[in-house]
Amino acid sequence: MRIAMIGTGYVGLVSGACFSEFGVHVCCVDKDAEKIERLKRGEIPIYEPGLDDLVARNVAAGRLSFTLDLKEAMQGVDAVFIAVGTPTRRGDGHADLSYVYAAAEEIAANLDHYTVVVTKSTVPVGTGREVESIIRRVRPAAEFDVASNPEFLREGSAIGDFMRPDRVVIGAGSERAAEVMRRLYRPLYLIETPIVLTSLETAELTKYAANTFLAAKITFINEIADLCEKVGADVHDVARGIGLDGRIGKKFLHPGPGYGGSCFPKDTLALVRTAQQVGSPLRIIETVVDINDKRKKAMAERIVAACGGSVEGRTVAVLGVTFKPNTDDMRDSPSLDIIPALQKAGAHVRAFDPAGMHEAARLLPGVEWAKDAYGTLQDADCVAILTEWNEFRALDLKRVKASLKRPVMVDLRNIYNPEDMVRAGFSYSSIGRPGKA
Ligand code: NAD
């Protein structure tokens, strides 16, 4: 089989490379000439574990290629996937569909045989129908069907998520399109991956329902963590105590500074707007959005409090700025709220992140960037852990303590044990656990 993938970002590049690993011929297209040049040279423009080997292997096998030219990419394809960004539209919180619609126009101009046009981007209900009418308007006689195939991969474990997903959701407008999609995902049928085959609208909504549910679960445990702090309970034991109930499940019950990243913030907001627009408001998700926004902002206050109520003229060492480990993605990371708030309160921030500093340097002016974790600490008044990268989990605590001006640690990811930290002589605070010294 043969497909074109429009957009070589976190989703398009990973999905394209994984489909080629399944044996499909994949041509990835992007408008960003620099990205395509780098990919052609064998460089991977994003940080995603395992992606370099996967891409190199499939390029060498002649199944994966990159181009700026959609016409070339669409030659002889069974399907063309749209995997472009759908960020929050400025001003009103709806998803910005301009990239998706632009891609639809470009596809229309290049259709020359029956092709399934698949939206892989996360798009509001009704977008597939709009893509269909855009193409129909430009090319009334073209032979095509539109399908929705939302992507559930997570950055940092994207390849494994794509290759062994919990399920695949396909919304297809016709049996012919459904058959093309079934053939594309045949390797996953063979490992008995459940395939939810449904309508376009249902597939589109399923993606938002999944992301908003997960955002609500995180927000729930964050609020329980706050309550734990007030009543002297331990949120980790609460999470385990409820998570072992099969109806609740263990995952996504880890408290932290509030969800961030390229999906949850924009998708929760977009679904809230869709629901309001059709007169069926999602009050739970409206509240989740509000709580999470306030939470990210409140995290800076925790750090200020740990520094004795003021950071004026103080140095705060920050470990991790990406929204989660194993990615360089900075979109909507809690650090983008926390660090400017600390700076506004008069702090000098010295930070390190294993993969995110290049992008972060652009977004966080005034931060002093260190070469490694220990490089942030010298004479700092406090160290704050914002992202749970593995290399921050086993720091040499003696060295940390010796480097800091005061042994103060604010662990917003709960990667250290409170008793150990107190024993090591730290004034340690984390989220939702007793043992604050
Ligand atoms: P991204 O911003 O990393 O990549 C989008 C790419 O599309 C960019 O390289 C851009 O240059 C390119 N592009 C835009 N318009 C184009 C056009 N007309 N022709 C060719 N290329 C074009 O975005 P992403 O993180 O990969 O997300 C893509 C979609 O997938 C979004 O809707 C997102 O919500 C969804 N999604 C993302 C994730 C994730 O973890 N990042 C997971 C699941 C779903």
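## The residues around the ligand

In what follows, Ala, Val, Leu, Ile, Met, Phe, Trp, Tyr, Cys and Pro count as nonpolar, Asp, Glu, Lys and Arg as charged, and the others, Gly among them, as polar. By that scheme, the shell around the ligand in this predicted model holds nine nonpolar, seven polar and 10 charged residues. The shell has 26 residues, of which Asp30, Lys35, Thr86, Glu155 and Lys266 come nearest to the ligand.

## Polar contacts and burial

For Glu155, an N or O atom of the side chain is 2.8 Å from a nitrogen atom of the ligand.

The ligand taken alone exposes 840 Å², and the protein buries 90% of that. Helix 1 (10-21) and helix 5 (98-110) are the elements that give two or more residues to the shell.

## Position between the domains

Domain 1 (2-198) and domain 2 (243-429) both give residues to the shell around the ligand, so the ligand lies between them.

Strands of a sheet pair through backbone hydrogen bonds, either parallel or antiparallel. Here, six strands form an open sheet in the order 11-10-9-12-13-14, and the pairing is parallel. Strand 11 (368-369) and strand 14 (427-429) stand at the edges; each has a single partner strand, so one side of each is left without a neighbour in the sheet.

Strand 12 (residues 382-385) pairs with strand 13 (residues 408-411) over three bridges, in the parallel sense. Val383 has Met409 in strand 13 as its bridge partner.

Methods: Residues are numbered from 1 along each chain as its sequence is written. This is a predicted model: local features need pLDDT of at least 70, side-chain atom pairs count only at pLDDT 80 or more; totals for chains, interfaces and linings use all residues. Side-chain values use heavy atoms; hydrogens and water are left out. A residue is near a molecule or strand if one of its heavy atoms lies within 4 Å of it. A polar contact is a pair of N or O atoms within 3.5 Å; within protein, one must be able to donate a hydrogen and the other to accept it, and residues adjacent in sequence count only if both atoms are side-chain atoms. Accessible areas come from the Shrake-Rupley method with a 1.4 Å probe; for residues, only the protein chains shown count as cover. Helices (H or I, at least four residues) and strands (E, at least two) are DSSP runs, numbered from the N terminus. Domain bounds come from an automatic or database domain assignment. Two strands pair if DSSP finds at least two bridges between them.
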